[in-house]
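The paragraphs below are meant to be read alongside the sequence and the coordinates. Please keep both in view while following the text from one part to the next.

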Amino acid sequence: MSVHAHQPHGHAALGGRILTLPFLVCSALVVLAGYLLVQRYVYGLAAVSNLSDGYPWGIWVAVDVVIGSAFGCAGYVMALLCYILNKGEYHPMVRPAVLASLFGYGLAGLAVLVDLGRYWNFYHMMLPWYAQPNSVMLEVGLCVATYTIVLIVEFAPAFLERFGIEGLRRKLNKVLWVFIALGVLLPTMHQSSLGTMMVIVGHKLSPLWQTQLLPVFFLLTAVLMGFAIVAWESVMASLNFKREMETPVLRKMAGLMLVVASVFVALRFVDLLWRGQLGTAFGGPSSGWFWVETVLMVGGLVLLIPKANRSRSRTLFISASMLLVAGILYRLNVYLIGFTPSVGPWHYFPSVKEIMVTVGIFALEVALYLVFVKKLPVMHAEHPVGVPHAADAKHG
Amino acid sequence: MPDGHVDLDAERIGTLGECEGLGEFEGLDEYEGALAGMSRREFLTYCTGVAATLGLSPALGVNIANAAVAAPRPTVIWLSGQACTGCTETLLRTNHPTLETLILDTISLDYNETLMTGSGHQAENWKQQAMKDNWGKYLMVTDGSVPTKDGGVYCKVAGKTYLEAVQECAKGAAAVISIGSCSSWGGWPSTGVNPTGAVGLSEVIKDKPVVTIPGCPPNPYNFLSLVLHYVAFGKLPELDDKMRPKFAYGRLIHENCERRPHFDAGRFAMEFGDYGHRQGYCLYKLGCKGPETYANCPSVGFNDVGQGTWPVGTGHPCFGCTEKGVGFTKSIHELATLKSVAPPNTYPAVAVGQGEGISAGAAAVVAGIAGAAVGAGAVVAGRLGKHDEKADASSETK
């Protein structure tokens, strides 16, 4: 299979000013996070975070890694649709999605280094003689690290086009299918393993979330959040960069989102019923959070049921936002809210500095995205608003 | 097998291969007298315990039981040199089996200066007789170091120097075991100026491997397990570079020490009787040699009275008695050389905070982020609404 055959569109850099207000705001947040990280590395974790022996995992894991990597699943679902299921019409969305994934995963990896107490030993993970091959955590770690590299390769054509390194690009195109296959395999593995990781905590996780199906739910939320991010990003890009909406493709994708979200909600209730825990949802501990998550999920999918709604960018945006927040909350519930890591009077709520580090990491993601789409051929060039790029001619 | 008849005996007392459970195993009842008041079940349990100490499959306990009761029992000749008799004393403290079970039923202890009833010429003649009768088959065990200075005159028995006695005895021995630190490398008689030129047995017996069970005193079960391993399998267990059985000396004391978590967390007793010492903190800073000494003391313990009955367990630093170059060489309160991990320079606090609830600032930030997200979402949705209207209008006009 040639990847090339599925590329009916060229790509072009959007061009335009780099120093826009959103970029400056994001940069300021990044600088603030950088300042806090200096504190973290000089004075240790306790100086910046509220992490403790009772709560060794805080938002730097739950949000930056678990949720951040789900944000990074845009590239996963697009590659799955476009290349594995051979739906060529999704192609215009692949490259922006891969870029979003690259930042999502790269920065999730960075967040791990921030969170690790003995970060200087991180490379031990790569050394087989230190490995415990039955460890779920090892699987997640290796998979995420490998996938980040795969994403760099998947995104490399954009660089190579921009800088006109044609020979290398052609060579890469011949083997790119290997990386695309890996790019679908790896997230399937580690996104479900993120669920498995919490299966092994047993009773420490509230029965509302603790189930053998956790890997399935994590995979489903990864796919769902991947779709939601693609829709969201597409709508935002159209709006902010004044481009035509990609409505026909989005309409189809909305249908897929509806299916995945419905499967998730149905499976969630069947699972609760099967385990005899439906009662816990009514008055049990953290049941409020369960309902917030479920109502958002159901709300998001109900909006997508009328077919006309799927073509409306506003409904699509609201629905994608709701599903995204529902996915975020589900993962937050499993990793923090419904999770009691140790017995005793332990408390955890992230400190202001901790939150600002997380905000800074996400801001870095947005800032880099803004620079990349303006400077590199990322967006498809059907109706280029910016300066038409020579890559158009070279492509195809 | 030392006596060459174990296989025959094993056949006579029952076919082991067919035994599914020990309940069907009736053969050992014939040896009732040989079990020194132990019931057959107790005896088999003991042998299974020995197998476990040796790190062998429990099924091999039956083999050990057979070998232990097979008659005639292997002859053991025990010679004592420059020592405090602590090694023999430690054997008296065993209760599974008791010493009498060992020396009357498991082995045939034909000569031991501390325990034998005979004395003088009678004892000496008996030793010669036992050596002659079992030439090439007996086990030779020694405790105490060998004085070599001035022709070895500093230790003499029956007119012979100890040096001569061990050389003579080793010639006919099937295996040579040195018990205790003195016999292993010289021990305390060899400390400092070493006035008698004391050395370990392996310094004077060069033509045969000398298995060592160092310790001051060593754990008697390490000795018993070694002997029974030899009796049961006819060969020595795996040994380390200092000829110590790996089943007992394979790990650093530091690795299995019950105070190890204190070491890792940086909680040290700084002097005897201080707060940390009373709390059972790590004794490394009092000179504990656990980090450079190989022995199973923390796991096996002494005197069969339960966990914690070993020097570190009672609050005294290990002084490295099983390790040549540490015990009797380094001073007791000198810091150990760390063979595995070094303690870090800084430690987390001993009393850890349990975390606080939500702070006003954090609540404000989270609310701000949520508010900004919802607000921005609403603005975007509003703009998209207009966008949709335009799109609808344009599609209608088309």
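How many residues of chain B are in contact with chain A, and how many residues of chain A do they touch? In this model, which is predicted, 21 residues of chain B are in contact with 24 residues of chain A. On the side of chain B that touches chain A, the residues divide into nine nonpolar, nine polar and three charged.

Helix 10 of chain A, which covers residues 287-303, and helix 11 of chain A, which covers residues 313-337, pack at an angle of about 155°, and their axes are 8 Å apart. Because of that angle, helix 10 of chain A is roughly antiparallel to helix 11 of chain A, and the crossing of helix 10 of chain A and helix 11 of chain A is left-handed. From helix 10 of chain A the contact includes A:Trp289, A:Val292, A:Leu296 and A:Leu303, while the residues they meet in helix 11 of chain A include A:Ile318, A:Met322, A:Leu329 and A:Ile337. Taken as a whole, the residues of the contact of helix 10 of chain A with helix 11 of chain A divide into 13 nonpolar, five polar and one charged.

The loop between helix 9 (247-274) and helix 10 of chain A holds A:Ser286. The phi of A:Ser286 is near 60°, a positive value in a residue other than glycine. A:Ser286 has 18 C-beta neighbours inside 10 Å and therefore counts as partly exposed.

A second pair in chain A is arranged in another way. Helix 4 of chain A, residues 74-84, and helix 8 of chain A, residues 214-240, pack at an angle of about 95°, with their axes 7 Å apart, so that helix 4 of chain A is roughly perpendicular to helix 8 of chain A. The contact is made by A:Ala74, A:Tyr76, A:Val77 and A:Met78 of helix 4 of chain A, together with A:Val223, A:Gly226, A:Phe227, A:Ile229, A:Val230 and A:Glu233 of helix 8 of chain A. The residues of the contact of helix 4 of chain A with helix 8 of chain A divide into eight nonpolar, one polar and one charged.

Helix 5 of chain A, residues 94-115, has 22 residues and reaches 31 Å from its first C-alpha to its last, which is close to the 32 Å expected at 1.5 Å a residue. Of the 22 residues of helix 5 of chain A, 19 are buried, so this helix is largely enclosed by the rest of the structure.

Turning to chain B, the reader will find 16 helices and nine strands. Chain B has 398 residues, and buried residues make up 41% of them. Among contacts in chain B between residues at least 6 apart in sequence, 70% join residues at least 24 apart.

Two loops of chain B deserve a look. In the loop between strand 9 (210-213) and helix 10 (220-233) of chain B lies B:Pro217, which is joined to B:Cys216 by a cis peptide bond with omega about -5°. The loop between helix 10 and helix 11 (246-249) of chain B contains B:Met243, a residue other than glycine whose phi has a positive value, near 65°. B:Met243 counts as buried because it has 20 C-beta neighbours inside 10 Å.

Conventions
Residues numbered from 1 in each chain as written. Chains lettered and ligands numbered in written order. Predicted model: local features only at pLDDT ≥ 70, side-chain atom pairs only at ≥ 80, totals over all residues. Contact = placed C-beta atoms within 7 Å. Nonpolar A, V, L, I, M, F, W, Y, C, P; charged D, E, K, R; others polar. Axes fitted to C-alpha atoms, helices over the stretch in contact; angles between N-to-C directions. Helix = DSSP H or I, 4+ residues; strand = E, 2+ residues; numbered from the N terminus. Parallel < 35°, antiparallel > 145°, perpendicular 65-115°, else oblique. Left-handed = near helix turned anticlockwise from the far one by under 90°. Expected span 1.5 Å × (residues − 1). Buried ≥ 20, exposed ≤ 12 C-beta atoms within 10 Å, placed from the backbone.
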